[in-house]
Amino acid sequence: MKNIEEQTDSAVLLDDQSVSAFLRQNPDFFIRNARQVEQMMVPHPVRGSVSLVEWHMARQRNHIQQLEEEITLLMEQATANHQLFDRLLSLQGHLASADSLQEMLTRLHRWARELGLAGANVRVFNDKWHIGAPSDFTQLGLSRQAFEPLRIQRFGNEHHYLGSLNGPELLLLLPQAKAIGSVAMSLMGERGELGVLIFSSRDNQHYQAGMGTLLLQHLAQMLPELLSRWIERA
């Protein structure tokens, strides 16, 4: 009776954690029991069961394949980042060499059109820039009070938004634009207090949540300094 109780207690204590602890404390277990290990079978979802050795090799192959996929992805990202840097450097020089603010904005818009977009627009907050009459740049002004509901709804705590806008939102940001399907927007300024950069597409699916914002981020950081050449900060 005592032996039966001992066996029962032993079976209860022999769980996954205790087996794992035993193997960690006895790293030579598989060497000492190599023949038995080779004969162990592991359940397989397709083949019913496979040997422990074959199962381990399959795990290694899957791990190697996963590493290869990650390396490929990193290489693709590095190539994309290099191309992005070259494109951004070229655009920055092109914008900086403009003779006027209108010329700079035209060049930014043209660059966006060359990428197949509907255009690129810059709006600045009225309380942060001196753009009132008799300035020629009043059309760039945007009321922070009018923009605040859109910022809360679309940006939340982020500096970027990619997706669609409703009619009133488009009318506020792009009153002259037509047939805009989706936009990519980035707030300018360290706290998003200077204005907003807007790229627009006629394709509803062109800009979607989760897409990269590295280009937007760099441009939003670069533009306020360029704008300061022609517009005085408040």
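**Rings and the sheet beside them**

Modeller: The structure holds 4 aromatic pairs. Rings of Phe, Tyr and Trp (for Trp, the six-membered ring) pair if their centres lie within 6.5 Å; planes under 30 degrees apart are called stacked, over 60 edge-to-face, and the rest tilted. A quick note before we go on: this is a predicted model, where local features need pLDDT of at least 70 and side-chain atom pairs count only at pLDDT 80 or more, while totals for chains, interfaces and linings use all residues. Residues are numbered from 1 along each chain as its sequence is written, and side-chain values use heavy atoms, leaving out hydrogens and water.

Let's begin with one of the 4 aromatic pairs. Phe 125 and Phe 147 form a tilted pair, with 5.4 Å from centre to centre and 50° between the planes. This pair joins distant parts of the chain, 22 residues apart: Phe 125 belongs to strand 3 and Phe 147 to helix 7. Here helices (H or I, at least four residues) and strands (E, at least two) are DSSP runs, numbered from the N terminus. Phe 147 also pairs with Phe 155, again tilted, at 6.1 Å centre to centre and 55° between the planes. Phe 125 and Phe 147 are both buried, and Phe 155 is buried too. (Buried means under 20% relative accessible area, exposed over 50%, and partly exposed in between, with a 1.4 Å probe and protein chains only.) Put together, ring pairs link Phe 125, Phe 147, Phe 155 and Tyr 161 into a cluster.

Now follow Phe 125 into its strand. Strand 3 is mostly covered, with 6 of its 7 residues buried. It is part of an open sheet of 5 strands in the order 4-3-7-6-5, and the pairing is mixed. Strand 4 (141–142) and strand 5 (160–163) are the edge strands, each pairing on one side only. Two strands are said to pair if DSSP finds at least two bridges between them.

Which way do the neighbours of strand 3 run? With strand 4, the pairing is parallel, over 2 bridges, and Phe 125 stands opposite Leu 142 there. With strand 7, the pairing is antiparallel, over 6 bridges, and the bridge partner of Arg 123 in strand 7 is Val 196.

Strand 7 also holds Gly 195, which counts as buried because its relative accessibility is 0%. Gly 195 lies 70 residues from Phe 125 in sequence, and their C-alpha atoms are 5.1 Å apart. Setting aside residues up to four places away in sequence, Gly 195 touches Arg 123, Val 124, Phe 125, Ser 186, Leu 187 and Met 188; contact means heavy atoms within 4.5 Å.

One of the bridge partners is Val 183 in strand 6, which goes with Gly 163. Helix 6 (residues 101–114) packs on the sheet and touches strand 3 (119–125) and strand 7 (195–201), its direction making about 140° with that of strand 3. For such angles, axes are lines fitted to C-alpha atoms, for helices over the stretch in contact, and the values run from 0 to 180 degrees between N-to-C directions. Helix 7 (residues 144–155), the helix of Phe 147, lies across strand 3, strand 4, strand 5, strand 6 and strand 7, at about 115° to strand 6.

Asp 136 is found in the loop between strand 3 and strand 4; Asp 136 counts as exposed because its relative accessible area is 63%. Its C-alpha is 9.8 Å from that of Leu 101, 35 residues away along the chain. Ala 179 sits in the loop between helix 8 (167–173) and strand 6, and it is exposed because its relative accessibility is 61%. The phi of Ala 179 is near 55°, a positive value in a residue other than glycine. Most residues other than glycine have a negative phi.
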